[in-house]
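This briefing sets out selected features of a single structure, grouped by topic. The sequence and the model are shown first.

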Amino acid sequence: MLSPTQTTVLTDRPEDLARAGALLAAGALVAFPTETVYGLGADATNPEAIARLYAAKGRPHFNPLIAHVARTEEAFALGDFPPEARILAEAFWPGPLTLVVPARAGSPVCELARAGLDSVAIRVPDHPVARAILQAAGRPVAAPSANRSGHVSASNARHVEEDLAGRIAALVDGGATPIGVESTIVGCLGGVITLLRPGGIPREAIEAKLGRALEAASTDAGKPLAPGRLSSHYAPQHGVRLNATALRPGEAYLGFGSAEPGGAEPVAAMNLSQTGDLAEAASRLYGCLRTLDSLPSAGIAVAPLPGTGLGEAIQDRLLRAAAPREAPESVAPATLAKGA
Ligand code: TXA
Ligand code: MG
């Protein structure tokens, strides 16, 4: 059972960032902004802190976490990077890319944070607040998105408070996160380079760097984990209907671009990007979903969006927001690696 905690709200001033780092080093849970979404940090080397993190999020223990470090050289000490992983690390770090590589023998990232896997997910974020906190913590910090498991991710401090106030020691308010969707996750295991989750770095940019196409993530039980695939993970309370060009009575509308939908009048309407800009749409996605979900409606109808560039990550999150809710028992454990 989680005992209630007073959550301290910290600013992005240097003394507060030093305090956030010290809290993490002492085993406390601290939410902070990254360039993608807010993360909920815990000392990745401390199994007790990681156990508290899983409890605060309500996240299944078999869903592994991403270890965040301030510098690329620190990342290289946590895992065995094959040549392709090094190329991607050097091209895209710091930035919204997570690499899954074999864990180094004696890797300081504890087994609980890796959910017992012999691989480890690593990211060097590109956000001044995140980097200062990681520097001050002086150790790898596990940081899943700072939302309750199954909820939409948090792209500003208010979203984090809605989900986690009273469950974590501190929240660093560093404003809205610039990218708005999570990092792209690339698996570099056994010579196969796999797109495990589309995200803030478009597939096309990664494939251009590698000079070849990324493999698709397997969804078979027993195969390497496919994080967040096939799950109703980014789940609003209301039903979500995709590619809507005509509205049904009582629906709220989430538009993209300037085209007006046909059909009924929406009960509420927001637009991801009036000008059809995918970067703007990504940065507004979770905020718009949270707002529309808080209003009464018969469901949320979403306009068609392109599936290329950042559109692939947006589509992926919308597809999961629209997915039928799964009964957890019906899914084999190996496929249950939801992007919680
Ligand atoms: O942008 C992001 O990546 C954010 C910010 C806070 O950095 N973090 C984030 O973490 O999205 P989370 O925990 O919500 O999603 C991490 C995903 C999960 O789907 C998990 O299954 C997957 O990464 N993952 C972690 N370790 C893995 C591993 N060893 N093999 C395969 N998937 C792994
Ligand atoms: Mg998540």
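Which residue is joined to E182 by a polar contact of 2.9 Å between side chains? The residue is R317. The structure is a predicted model, in which local features need pLDDT of at least 70 and side-chain atom pairs count only at pLDDT 80 or more, whereas totals for chains, interfaces and linings use all residues. Residues are numbered from 1 along each chain as its sequence is written, chains are lettered from A and ligands numbered from 1 in the order in which they are written, and side-chain values use heavy atoms, with hydrogens and water left out.

- E182 belongs to the loop between strand 8 (170-172) and strand 9 (184-189); helices (H or I, at least four residues) and strands (E, at least two) are DSSP runs, numbered from the N terminus.
- With a relative accessibility of 3%, E182 counts as buried; buried means under 20% relative accessible area, exposed over 50%, and partly exposed in between (1.4 Å probe, protein chains only).

- Rings of Phe, Tyr and Trp (its six-membered ring) pair if their centres lie within 6.5 Å, and planes under 30 degrees apart count as stacked, over 60 as edge-to-face and the rest as tilted.
- By this rule there are two aromatic pairs.
- The ring centres of F76 and F81 are 4.8 Å apart and the planes meet at 75°, so this pair is edge-to-face.
- F81 also forms an edge-to-face pair with W93, at 6.0 Å centre to centre and 70° between the planes.
- F76 is buried at 13% relative accessibility, F81 is buried at 10%, and W93 is buried at 6%.
- The charged end of R86 sits over the ring of F76, 4.1 Å from its centre; the criterion is NZ of Lys or CZ of Arg within 6 Å of the ring centre and within 35 degrees of the ring normal.

**Helix 4**

- The buried residues of helix 4 are E84, A85, L88, A89 and F92.
- Viewed down the axis of helix 4, these residues fall within an arc of 135°, so they line one face of the helix; the arc is that of the directions from the helix axis to the C-beta atoms.
- P83 and E90 are exposed on the other side of helix 4.

**Backbone geometry**

- Most residues other than glycine have a negative phi, and most peptide bonds are trans.
- W93 and P94 are joined by a cis peptide bond, with omega about -5°, and P94 lies in the loop between helix 4 and strand 5.
- A115, in the loop between strand 5 and strand 6 (119-123), has a positive phi near 55° and is partly exposed, with a relative accessible area of 22%.
- N243 has a positive phi near 55° and is found in the loop between strand 12 (240-241) and strand 13 (246-247).

Definitions and conventions: A polar contact is a pair of N or O atoms within 3.5 Å; within protein, one must be able to donate a hydrogen and the other to accept it, and residues adjacent in sequence count only if both atoms are side-chain atoms.
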